[in-house]
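Here is a short report on one model. It looks at a pair of helices and then at a sheet.

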Amino acid sequence: MKIIGLTGGVGSGKTQILGYLNSKYGATICQTDEIGKKLQKKGAICYKNIVEHFGEDILDEKGELDREKLASIVFQNAEELAVLNNMVHPAVKEEVRRIIAKEERKNTNLLIVESALLIEDHYEEICDELWYVYVKNDVRKKRLIYSRGYEPAKVDSIIAAQPHKDTYMKHCDRVIDNNGVFAETQIQLDRIVADL
């Protein structure tokens, strides 16, 4: 089984690429964001520690984490963000390892682990290759304003908070250029998969 880590900045089109790899090659998709959300649900492994540290003010009326409230705390305070990340990221990585083991037993050929934090969280330890989806900042900005309705200032702050493309280039085995039309990206993906 090939385990591929897929990363790239917000608005780079990772979701579309995952959809293509899944439909054309039957790739199993594993998104760390989704796993993280599951692990932070009431009763799940990260929930208790988060509530103990940040207090019950971060809960909604159903007793679930209010992600907006939590975000407003951690994105204004680097230390608190580090605390949250240390609670969530190791648990997510452990869950990814479990998923990998399960997929190996099922004789899966291709597993894609998609994460914004592949490099920071050292996913090269569990992936055969890391792939970076590259899109110029102005293209990402246009896409996010158009597709998600974000304000330009919000997009700028999100992009500024993410690693620079040089960081991705340095750590990733392959670069997928997703600046043009998706048909061009598909050709690159087909080539890469054939090369695997």
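Angles under 35 degrees count as roughly parallel, over 145 as roughly antiparallel, 65 to 115 as roughly perpendicular, and the rest as oblique. The model is predicted: local features need pLDDT of at least 70, side-chain atom pairs count only at pLDDT 80 or more, and totals for chains, interfaces and linings use all residues. Residues are numbered from 1 along each chain as its sequence is written, and side-chain values use heavy atoms, without hydrogens and water.

Helices (H or I, at least four residues) and strands (E, at least two) are DSSP runs, numbered from the N terminus. Axes are lines fitted to C-alpha atoms, for helices over the stretch in contact, and angles run from 0 to 180 degrees between N-to-C directions.

The axes of α6 (residues 137-148) and α7 (residues 152-161) come within 10 Å and cross at roughly 135°. The two helices are therefore oblique to each other. In contact (heavy atoms within 4.5 Å), N137, R140, K141, L144 and I145 of α6 meet P152, V155, D156 and I159 of α7.

Now the sheet. Five strands form an open sheet, ordered β2-β3-β1-β4-β5, with parallel pairing. Two strands pair if DSSP finds at least two bridges between them. β2 (28-31) and β5 (174-177) stand at the edges with a single partner strand each, so one side of each lacks a neighbour in the sheet. The twist averages 25° from one strand to the next.

| Helix | Strands touched | Angle |
|---|---|---|
| α2 (residues 32-39) | β2 and β3 (110-114) | about 55° with β2 |
| α9 (residues 182-195) | β4 and β5 | about 155° with β5 |
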